[in-house]
Amino acid sequence: MDPEAVRKYSALHAKPDGLVLQYGTAGFRTKAERLDHVMFRMGLLAVLRSKQTKSTIGVMVTASHNPEPPCT
């Protein structure tokens, strides 16, 4: 994996200024539009782990904890 390419693409998925995330047994919890930087990094970690262990690694994404938007 090319470290310069990782830096380049990571910069395209920067964490928004002032964003504080909580992580618990349910994972990262916030609105989806705030999770771009998390998804990029978790995907990268999954790739690295898969290469290291030579096994299949998955990432679970769910919106089950997000409140339903109001009907209009």
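Good morning. I begin with His 37, which is placed in helix 2 of this predicted model. His 37 has a relative accessible area of 6% and is therefore buried, since the cut-off for that class is under 20%.

What surrounds this side chain? If neighbours within four places in sequence are set aside, His 37 is in contact with His 13, Ala 14, Lys 15, Pro 16, Leu 19 and Leu 21. There is also a polar atom of the His 37 side chain that lies 3.4 Å from the backbone oxygen of Arg 34.

I turn now to the packing of the helices. Two packed helices are described by the angle between their axes and the distance between the axes. Here, helix 1 covers residues 3-11 and helix 2 covers residues 36-53; their axes come within 10 Å and cross at roughly 155°. Because angles over 145 degrees count as roughly antiparallel, helix 1 and helix 2 fall into that class. Their crossing is right-handed.

Which residues form this contact? On the side of helix 1 they are Val 6, Tyr 9 and Ser 10, and these meet Phe 40, Arg 41 and Leu 44 of helix 2.

Finally, I move to the segment after helix 2, where Lys 54 lies. Is Lys 54 buried or exposed? Its relative accessibility is 74%, so Lys 54 counts as exposed. The C-alpha atom of Lys 54 is separated by 26 Å from that of Phe 28, and the two residues are 26 residues apart along the chain.

Thank you for your attention.

Key: Residues are numbered from 1 along each chain as its sequence is written. This is a predicted model: local features need pLDDT of at least 70, side-chain atom pairs count only at pLDDT 80 or more; totals for chains, interfaces and linings use all residues. Side-chain values use heavy atoms; hydrogens and water are left out. Axes are lines fitted to C-alpha atoms, for helices over the stretch in contact, and angles run from 0 to 180 degrees between N-to-C directions. Helices (H or I, at least four residues) and strands (E, at least two) are DSSP runs, numbered from the N terminus. Angles under 35 degrees count as roughly parallel, over 145 as roughly antiparallel, 65 to 115 as roughly perpendicular and the rest as oblique. A crossing is left-handed if the near helix is turned anticlockwise from the far one by less than a right angle, and right-handed if clockwise. Contact means heavy atoms within 4.5 Å. Buried means under 20% relative accessible area, exposed over 50%, partly exposed in between (1.4 Å probe, protein chains only). A polar contact is a pair of N or O atoms within 3.5 Å; within protein, one must be able to donate a hydrogen and the other to accept it, and residues adjacent in sequence count only if both atoms are side-chain atoms.
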